[in-house]
Amino acid sequence: MLKEFDVRQVPYVPDGGLAELILAVQAEPSMRAISLTTEEEGVALSAGAWLGGQRSALLMQSSGVGNCVNMLSLIKTCRFPFLSLVTMRGEWGEFNPWQVPMGQATPAAFEMMDVQVLRADHPEEVGAVVRAGAKTAYEGGSAVAVLLSQRLIGSKEFVK
Amino acid sequence: MRGGRKIKGRLDRREAVAALLAPRRDTLVVTGLGAATYDVAAAGDHERNFYLWGAMGGTLALGLGLALAQPEVPVLVVTGDGEMLMGLGSFATLAQQVPGNLTVVILDNGLYGETGQQETHTAGATDLAAVAKACGIADSTTLTTLAEVGTLAARAHAVGKQPTVAVVKIAREDAPRVVPVREGAYNKSRLRVALGLSAD
């Protein structure tokens, strides 16, 4: 689907739930997978990509969302379109308590910076939700985060 | 103007940036918040300038996204040591991508100029060119003369084979503030239109 929307730059901080998607991006000649050291780099990089006429999609785990908060002021102030696909931790049957605080705060962290939050909980809705997010971002010019629930992780339908 | 401690032999920031930008043709210039933004504005506003007034630590990463999107156009990031210290990881990210059209110039006075001249880590033991080199950017140097800045400028406005990181040691004196546009959405649209893209 990222290809369908002509996404060219895919900055990411890996997560288990994103592993297959990252491999698919790396294998796709029209896209550049860009490994980040921290998530806010991806926010700034996305802005630069748009400035230069390319679409990007930032992939990260919910734990990284807090790292992005100040950098999202760039998206808001300059009204850059922005799309991030976020795999959730700290919710559905989480075994690691350290994942819970940021996972639980993820929607609020985006919303306080005026990033619209969409969410997919079931495999059959992922395609429609990501498509809606991509349209809102790239065609509508908004900032959108699509949260992919922890229930989906490991589900094949989750990728592309 | 706040008085900084003069360090003998260090470059005047405005002279250095003017020399850096003198051979400019179609180069896209991204500036880090604070004095780097004022220095580039002082050299003359340009439709291909993108001035950051915030997003501290993100200037190099933004320049990288722009350079990857416009591989035929030289991209020049001009930022300060304090801003760069907040985004050190982006050296490693840059080293993974190796764009030949990106030059990163760090104006290094060892101070956080905007917040009252507190010393940064480069006033102590930290060497930003060495950090960049250790992150994998082979062409990472520290410049101390205007002649060296001139040589860098001759390369920075052309597309090469690998990115360049240059730390330019500048004096601690503040320069008068030259305030460019702060309306980020306008600045974004202006640059996009200059590239032949839609405004939004």
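A salt bridge is a side-chain nitrogen of Lys or Arg within 4 Å of a carboxyl oxygen of Asp or Glu. The side chains of A:Lys76 and A:Asp114 meet this rule, with an N to O distance of 2.9 Å. The model described here is a predicted one.

**Salt bridges**

Over all chains, the structure holds 15 salt bridges. In the pair A:Lys76 and A:Asp114, the lysine lies in helix α3 of chain A and the aspartate in the loop between α4 and β6 of chain A, so the bridge ties together parts that are 38 residues apart in sequence. A:Lys76 has a relative accessible area of 45% and is therefore partly exposed.

A second pair in chain A is formed by A:Lys135 and A:Glu139, whose closest N and O atoms are 3.2 Å apart. Because these two residues are four residues apart in helix α5 (residues 123-139) of chain A, about one helical turn separates them. A:Lys135 is partly exposed, at 42% relative accessibility.

In chain B, the side chains of B:Arg190 and B:Asp45 meet in a salt bridge at 2.8 Å, N to O. B:Arg190 counts as buried, because its relative accessibility is 16% and the cut-off is under 20%.

| Salt bridge | N to O distance |
|---|---|
| A:Lys76 and A:Asp114 | 2.9 Å |
| A:Lys135 and A:Glu139 | 3.2 Å |
| B:Arg190 and B:Asp45 | 2.8 Å |

Chain A also has a network of salt bridges that links A:Glu91, A:Arg119 and A:Asp121.

A:Val115 lies in the loop between α4 (100-112) and β6 (116-120) of chain A. At 2% relative accessibility, A:Val115 is buried. Apart from its neighbours within four places in sequence, A:Val115 is in contact with A:Leu72, A:Phe110, A:Ala143, A:Val144 and A:Ala145. The C-alpha atom of A:Val115 is separated by 8.4 Å from that of A:Phe82, and the two residues are 33 residues apart along the chain.

**The interface of chain A and chain B**

The size of an interface is often given as the accessible area lost when the parts come together. Chain A and chain B bury about 2100 Å² between them, and 62% of this area is on carbon and sulfur atoms. On the side of chain A that touches chain B, the elements giving two or more residues are β2 (32-35), α2 (39-51) and α3 (72-78) of chain A. The largest share of that side, eight residues, comes from α2(A). By class, that side of chain A has 14 nonpolar, nine polar and three charged residues. The contact takes 26 residues from chain A and 27 residues from chain B.

B:Gln70 is found in the loop between α3 (59-69) and β3 (75-80) of chain B. B:Gln70 is buried, at 16% relative accessibility. Leaving aside neighbours within four places in sequence, B:Gln70 contacts A:Gly52 of chain A and, in chain B, B:Leu28, B:Asn101 and B:Leu195.

B:Leu28 belongs to strand β1 (residues 28-31) of chain B, where B:Leu28 and B:Val30 point one way, B:Val29 and B:Thr31 point the other way, and all are buried. β1(B) runs parallel to β3(B), joined to it by four bridges, and parallel to strand β2 (residues 49-51) of chain B, joined to it by three bridges. B:Thr31 has a bridge partner in each: B:Val78 in β3(B) and B:Tyr51 in β2(B).

**Positive phi in chain B**

Most residues other than glycine have a negative phi. B:Val98, which is not a glycine, has a positive phi of about 50°. B:Val98 follows α5(B) and is found in the loop between α5 and β4 (102-108) of chain B. B:Val98 is partly exposed, with a relative accessible area of 42%. In helix α5 (residues 89-97) of chain B, the buried residues include B:Phe91, B:Leu94 and B:Gln97.

B:Gln117 also has a positive phi, near 65°. B:Gln117 lies in the loop between β5 (111-112) and β6 (118-119) of chain B, and is buried, with a relative accessible area of 16%.

Methods
Residues are numbered from 1 along each chain as its sequence is written. Chains are lettered from A and ligands numbered from 1 in the order in which they are written. This is a predicted model: local features need pLDDT of at least 70, side-chain atom pairs count only at pLDDT 80 or more; totals for chains, interfaces and linings use all residues. Side-chain values use heavy atoms; hydrogens and water are left out. Contact means heavy atoms within 4.5 Å. Buried area is the accessible area (1.4 Å probe) that two parts lose on being put together, summed over both. Ala, Val, Leu, Ile, Met, Phe, Trp, Tyr, Cys and Pro count as nonpolar, Asp, Glu, Lys and Arg as charged, and the others, Gly among them, as polar. Buried means under 20% relative accessible area, exposed over 50%, partly exposed in between (1.4 Å probe, protein chains only). Two strands pair if DSSP finds at least two bridges between them.
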